Amino acid sequence: VLIGTLMVALDTTIVNIALPRIRDDLGVGAGIEWVVTAYLLAVAASQPAMGWLADRFGRRRIFLLSLTWFTVASFLAALSPNLATLVALRVLQGFGGGALTPVGMAIVVELFPAARRGRAMSLWGIASMAAPAVGPTLGGWLVTAVSWHWLFLINVPMGAGGLVLGLRLLPDSG
């Protein structure tokens, strides 16, 4: 759950610092801000339905499906040949990530008894608050050390690891 929360929160800021490099590499003059805006809009637009989907199909199932969707969309975004494709894949990434925070929080609340819930929620909160703070620094390092593609590729091993751990550790839930 922490991995999924970390990934969706990290992607709110990791790309910001690299927009000029992405713009130059893709050869676009305007519209580069949609790489960030489209993602944020998709996350926000998809979140309201996620509680209903998780209640209907199970929190574990929706969380793991969303984590997989987010990870695959991240991989595909790294391969984007142009701005339109990148923006479209950021929308898909945002829709995938929309469930990770609210459903992840519900899973944490459900997994821990009341006496331990405060500690569990504080650890979950650290991931959701620290990731956006680390994003610009990590994004700047990745774009200068490797390339802007790694702003998205970084999600692939994290998502795969989170999926394996989720399949092994998360119980089926309501």
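In this predicted model, Trp 148 has a relative accessibility of 2% and therefore counts as buried, the cut-off being under 20%. Trp 148 forms an aromatic pair with Phe 152, one of two such pairs found in a search of the whole structure. The arrangement of Trp 148 and Phe 152 is edge-to-face, with 6.2 Å from centre to centre and 85 degrees between the planes. Phe 152 is likewise buried, at a relative accessible area of 0%. A ring is also involved in the placement of Arg 90, which lies over the face of Tyr 39 at 4.2 Å from the ring centre.

Helix H9 comprises the 15 residues 155–169, and at 1.5 Å a residue it should span 21 Å, a value with which the 20 Å between its end C-alpha atoms agrees. Within H9, the residues Asn 155, Gly 159, Gly 162 and Gly 166 are buried. Seen down the helix axis, the buried residues of H9 fall within an arc of 65 degrees, so they line one face of the helix. These buried residues pack against H1, H4 (59–78), H5 (83–97) and H8 (150–153), whereas Pro 157 and Arg 168, on the other side of H9, are exposed.

Helix H1, which covers residues 2–10, contains Thr 5, a residue that is buried with a relative accessible area of 0%. The side chain of Thr 5 is joined to that of Trp 124 by a polar contact of 2.9 Å. When neighbours within four places in sequence are left aside, the residues in contact with Thr 5 are Leu 100, Trp 124, Ala 127 and Ser 128.

Note on methods. Residues numbered from 1 in each chain as written. Predicted model: local features only at pLDDT ≥ 70, side-chain atom pairs only at ≥ 80, totals over all residues. Heavy atoms only, no water. Helix = DSSP H or I, 4+ residues; strand = E, 2+ residues; numbered from the N terminus. Buried < 20%, exposed > 50% of the residue type's maximum accessible area, 1.4 Å probe, protein only. Polar contact = N/O pair within 3.5 Å; in protein donor to acceptor, adjacent residues only side chain to side chain. Contact = heavy atoms within 4.5 Å. Expected span 1.5 Å × (residues − 1). Arc of directions from axis to C-beta. Phe/Tyr/Trp six-rings, centres within 6.5 Å; stacked < 30°, edge-to-face > 60°. Lys NZ or Arg CZ within 6 Å of the ring centre and 35° of its normal.
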